[in-house]
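Here are a few notes to go with the structure you have open. I'd keep the viewer handy while reading.

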Amino acid sequence: MTSRAAVLGSPITHSLSPVLHRAAYAAMGLDGWSYDAFECGEDGLAGFLDGLGPEWAGLSLTMPLKRVALKLADTVTDLAAGVGGANTLVLRDGRRHADNTDVHGIVAALTEAGVAAPASALVLGGGATAASALAALARMGLTGATLAVRSPERAAGTAAVGERFGLAVRVETLDRVPELPPSALVVNTLPGAAADAFAEPVAASGAALFDVVYAPWPTPLAEAATAAGATVVGGFAMLLHQAVRQVTLMTGRDDVPVAAMRAAGEAELARRAGG
């Protein structure tokens, strides 16, 4: 039986998803499965979905498609609806089922690193990944978290996500980060080098760090936290574990080879870094 899956988004060139999913298929003996990458913006998703045949099992969705996917799905999990975005569409029996595996990826990455139940957390940034992080923290048993953002007004929707999952969210501006009480865990969702300015205060706090960036790695923030002796979790672990969950959803199998996927992803990152 031939089955197809793919990752969609824009830009999509550097997505690691094909490497991870293909490694899973190979290790699971799914010879008839293929996984590709397609450049697709918000305006193109409906047409892409309408053109899919019965051989399609699922889609991974990256930015900017996570919100529009909710509108194009036949069913939406409570988690995806609560977070406000779906990174997964499972295609079965002619219907589209939207889900969110980013939250699972964050929980699994932190748990794997021994950060299973942080007493408190500070989340840097207020975008879609921050929303998933707040949902993940709630799943891990936290009752409150601090969200540090550039513009509190623009982050109101993200704070509301945390509150929907039972978190009391305190919103602060990024410039106040050095003055905030230390947290047990700092989650960085800021893009690019935006978090570099917080390397010193985060390292000085002794907090565990989850930095969603995975390339280039380590980031200055991660280097500072590692030098201070803190537990550091990189974005690759989240990417890996959310992909593991996607493979389960799309194939219906639980025997997903995490080690093979991890090895393939790490090898590809090393290749891209020239190492």
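1. First, a reminder that we're looking at a predicted model.

2. Start with the crossing of the two helices. Helix H1, residues 17-28, packs with helix H10, residues 235-251, at an angle of about 50 degrees, and their axes lie 10 Å apart. Angles of 65 to 115 degrees would count as roughly perpendicular and those under 35 as roughly parallel, so H1 and H10 are oblique to each other. As for the hand of the crossing, H1 and H10 cross in the right-handed sense.

3. Who touches whom here? On the H1 side you'll find Leu20, His21, Ala24, Tyr25 and Met28. They meet Phe236, Leu239, Leu240, Ala243, Gln246, Val247 and Thr251 of H10. Sorted by type, the residues of this H1 and H10 contact come out as nine nonpolar, three polar and no charged.

4. Now to the sheet. It is open, has six strands, and runs in the order E9-E8-E7-E10-E11-E12 with parallel pairing. Strands E9 (168-173) and E12 (232-234) form the edges, each pairing on one side only. On average, neighbouring strands of the sheet are turned by 20 degrees against each other, ignoring direction.

5. The strands involved are E7, residues 121-124, and E10, residues 185-188, which pair in the parallel sense over four bridges.

How values were computed
Residues are numbered from 1 along each chain as its sequence is written. This is a predicted model: local features need pLDDT of at least 70, side-chain atom pairs count only at pLDDT 80 or more; totals for chains, interfaces and linings use all residues. Side-chain values use heavy atoms; hydrogens and water are left out. Axes are lines fitted to C-alpha atoms, for helices over the stretch in contact, and angles run from 0 to 180 degrees between N-to-C directions. Angles under 35 degrees count as roughly parallel, over 145 as roughly antiparallel, 65 to 115 as roughly perpendicular and the rest as oblique. A crossing is left-handed if the near helix is turned anticlockwise from the far one by less than a right angle, and right-handed if clockwise. Contact means heavy atoms within 4.5 Å. Ala, Val, Leu, Ile, Met, Phe, Trp, Tyr, Cys and Pro count as nonpolar, Asp, Glu, Lys and Arg as charged, and the others, Gly among them, as polar. Two strands pair if DSSP finds at least two bridges between them.
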